[in-house]
Amino acid sequence: MDLLITIILLLLSLLISNIISHYIPSIPTALTQIAFGMLLAFVFEDISFEIDTEWFLLLFVAPLLYNDGRYFPREELWKMRAPIFGNAIVLVILTAIGGGYFINWMIPAVPLAAAFALAAILSPTDPVAVNGIAKRIHIPAGVLHLVRGESLINDASGLVAFNYAVAAVVTGYFSLSEASLDFVYKFILGALLGAVLALLITWARFILRKQGINDVTFHTLLHIITPFIIFIVTEDLLHASGVIAVVVGGIVHSLVRERREFASAEEQVLTENIWSLILFILNGVVFLLLGLNIPSSMRDTVSDPSIGNWLVIGYVLAIGVIILGIRFVWSYVFAHFEYRYLPGGAKPNLKNALFVSLTGVRGAVTMAGILSIPYFLDSGEAFPARSLLLFLAAGVILFTLIVATVFLPMLSKGEEAENAEGDRDLAPFKQRLLYKAVEQIKEQMKDENKTAAYELIGEYRRRIHDLGKAQNGKMKALDVEMDVRTEIRIKAVKAERRYIQGLMDENKIDVNLFHTFEQSLEYREEALAGSLQSGTLYLVGKMFRRWRKLRKFSRKEKELVIAKIGKGKDVQIQAMKAAIEFLENFAIEVEELRGQIQAVILDYKMIIERLSTSSVKYDEKQEEQKEELRIKVLDVERSEIQSMYESGEINREEVKELRRFINYVESAALYEHTE
């Protein structure tokens, strides 16, 4: 039960941390999640979720790397094979040796082998946090490909080096030749097993389909558990590198899919949707667990009176600088080597080397590895400086993440203008498609489908509004348009007020009904004018009115209320028609605002149609009309995408993204639940 509660708490924290990141985009989601995890550890002192390296690699690293292998651009992987393998293997070894000697020199209490272990586990990079930063700033594509490419391999190389260093501390024995042979064995056999197992699973799926087993959910589940099967068979049964195996398995899967795709479209969509959910959960929970374990990792060192807190923080800063410094020097030197001796090498520069260095953020693999350090040696003595090693690892993880968060945006300032085209927000194009859809719905509108058409237009306009809000202040033209439309609405409300006042002057409505309309119009005017107080009062009043409707009336009272509501509804409809008449005349006078005025008129017509409908119950025919209209406008939207592509407004990748946007709408419209 405790485990279940912990998992639910982690998932809730994951959702809350993403909401926080939406409102504070300057802080990467990963850093927010680490902070949230640390907060959980302090608030719920009894909560515990120990990370065992084996199950962590199986549950988190295996599916994440398998997915990366599936989608990593193979052309880039091959073109950048030299720097990727250099960073993933040579740089890991240099970091373990150089960092180990520095740690041992700075902190003599840490034996050399233990220092090597700490430096080795600090060598794997975590691209997830960097990806979060890259969403809001521009990082050169080559740097991102390098970081993502090396992360496919350096988890394995860093863990192998770490395990040998820990074994040397525990047993007191180390053989370079044995370690080298085992290292090669794990890598080569892991790669071969990953390819073979991926092909076997693909072949099994093909045979099952030939036997008539075509259930979409079955094949989706088989695909989802593929990385776990590959990892378990490789790691536990044959003792090779499961990390390398899942990466190769992912690459093989993508190759087979391109050569001969026999999966149905429904299966592909379902599989990708499930993968999206899995990746969202795993990427978030990884950093929550990281934050959850940091306080316990630091507690023993902080409470140790023999080590000053400021001194150990100084150790963290020094180790962090050295780790990133080794990466910077290696990147710059290798760039020179690549430029001189390898074809197609770019001219080296310090800025690019700095990018590569700062994107080398450490993360969850480092934390999982350091927590696996045993408490005792074979001799029965305590593992030397174990609590200090845990503190240093946790501190360096936070240091690299904070440094990347602070300095990468500063470093990328000059890059954004040069590469704005490649990072365009497609929201304006999506809005354009939705506007086209609204125009088509108006053309298809008839008397028999008017209600359905107005409802569908309302849905599309809400989506247009949501897309505008999602662009975080980039839609200045849209803001101006909305301001103009608000002024038009205020004029329309005043036209309604004049009509109601005229009825009152002619004694066609009673005083109570007049005051009700007058108060409602005041609320609407003030809300449109942007008064927060009136908006709040309006919402409170609306809630109070809804509550009053739920109270039980006598039959006589009910009949009286229904009669008043009926009369009030008729008056409201007539007032809105008066507003429409005013707006139509206003549109003739102010030709340049005709588009905005027509949009407000359309809103009024939609409200009138809803008020005129006698029943608010579910209308199956009306829903069918909506779906028919929705499907008709899809062709118009697709034609608009093609037109934008042919005119050069969007590129091929953006065409794919916009078509996916349309396809999701179509899938939702055509979906029918089946048992």
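Modeller: What follows is a short tour that goes from the whole chain to some single residues.

Biologist: Before that, what kind of model is this?

Modeller: This is a predicted model, in which local features need pLDDT of at least 70 and side-chain atom pairs count only at pLDDT 80 or more, while totals for chains, interfaces and linings use all residues. Residues are numbered from 1 along each chain as its sequence is written, and side-chain values use heavy atoms, with hydrogens and water left out.

Biologist: OK, how many helices and strands are there?

Modeller: The chain has 27 helices and zero strands, where helices (H or I, at least four residues) and strands (E, at least two) are DSSP runs numbered from the N terminus.

Biologist: And how much of the chain is buried?

Modeller: Of the 675 residues in the chain, 45% are buried, and here buried means under 20% relative accessible area, exposed means over 50%, and partly exposed lies in between, with a 1.4 Å probe and protein chains only. The accessible surface comes to about 36200 Å², and 61% of that belongs to carbon and sulfur atoms; such areas come from the Shrake-Rupley method with a 1.4 Å probe, and for residues only the protein chains shown count as cover.

Biologist: Which residues have the most contacts inside the largest nonpolar core?

Modeller: They are Leu118, Ile139, Ile319, Ile370, Phe383 and Leu392, in a core of 115 residues. Helix α17 (residues 386-411) gives the most to this core, with 16 residues. A nonpolar core is a set of buried Ala, Val, Leu, Ile, Met, Phe, Trp, Tyr and Cys residues joined through side-chain atoms within 4.5 Å.

Biologist: What does Ile139 touch, leaving aside neighbours within four places in sequence?

Modeller: Ile139 is in contact, meaning heavy atoms within 4.5 Å, with Val130, Ala134, Leu144, Phe355, Thr359 and Leu408.

Biologist: Leu408 makes me curious, so which other residue has Leu408 on its contact list?

Modeller: Leu358 does, and its contacts, apart from neighbours within four places in sequence, are Val403, Ala404, Phe407, Leu408 and Leu411. Leu358 is found in helix α15 (residues 350-358), and Leu358 counts as buried because its relative accessibility is 10%.

Biologist: Switching topic, at what angle do α5 and α8 cross?

Modeller: The axes of helix α5 (residues 81-106) and helix α8 (residues 141-171) cross at roughly 35° and come within 8 Å. Axes are lines fitted to C-alpha atoms, for helices over the stretch in contact, and angles run from 0 to 180 degrees between N-to-C directions.

Biologist: Which residues meet there?

Modeller: From α5 there are Pro83, Ile84, Phe85, Asn87, Ala88 and Val92, and from α8 they meet His145, Leu146, Gly149, Glu150, Ile153, Asn154, Ser157 and Gly158. The residues of this contact divide into seven nonpolar, six polar and one charged, where Ala, Val, Leu, Ile, Met, Phe, Trp, Tyr, Cys and Pro count as nonpolar, Asp, Glu, Lys and Arg as charged, and the others, Gly among them, as polar.

Biologist: What about Glu637, is it buried or exposed?

Modeller: Glu637 counts as buried because its relative accessibility is 2%, and its place is in helix α26 (residues 620-646). Not counting residues up to four places away in sequence, Glu637 touches Leu433, Leu434, Ala437, Tyr460 and Ile662.

Biologist: Where is Ile641, and what does it touch?

Modeller: Ile641 is also in helix α26, and Ile641 is buried, with a relative accessible area of 0%. Beyond residues up to four places away in sequence, Ile641 touches Leu433, Ile650, Val655, Leu658, Arg659 and Ile662.

Biologist: Last one, where is Asn507 found?

Modeller: Asn507 is found in the loop between α21 (476-505) and α22 (511-528), and Asn507 is exposed, with a relative accessible area of 66%. Its phi is near 60°, a positive value in a residue other than glycine.
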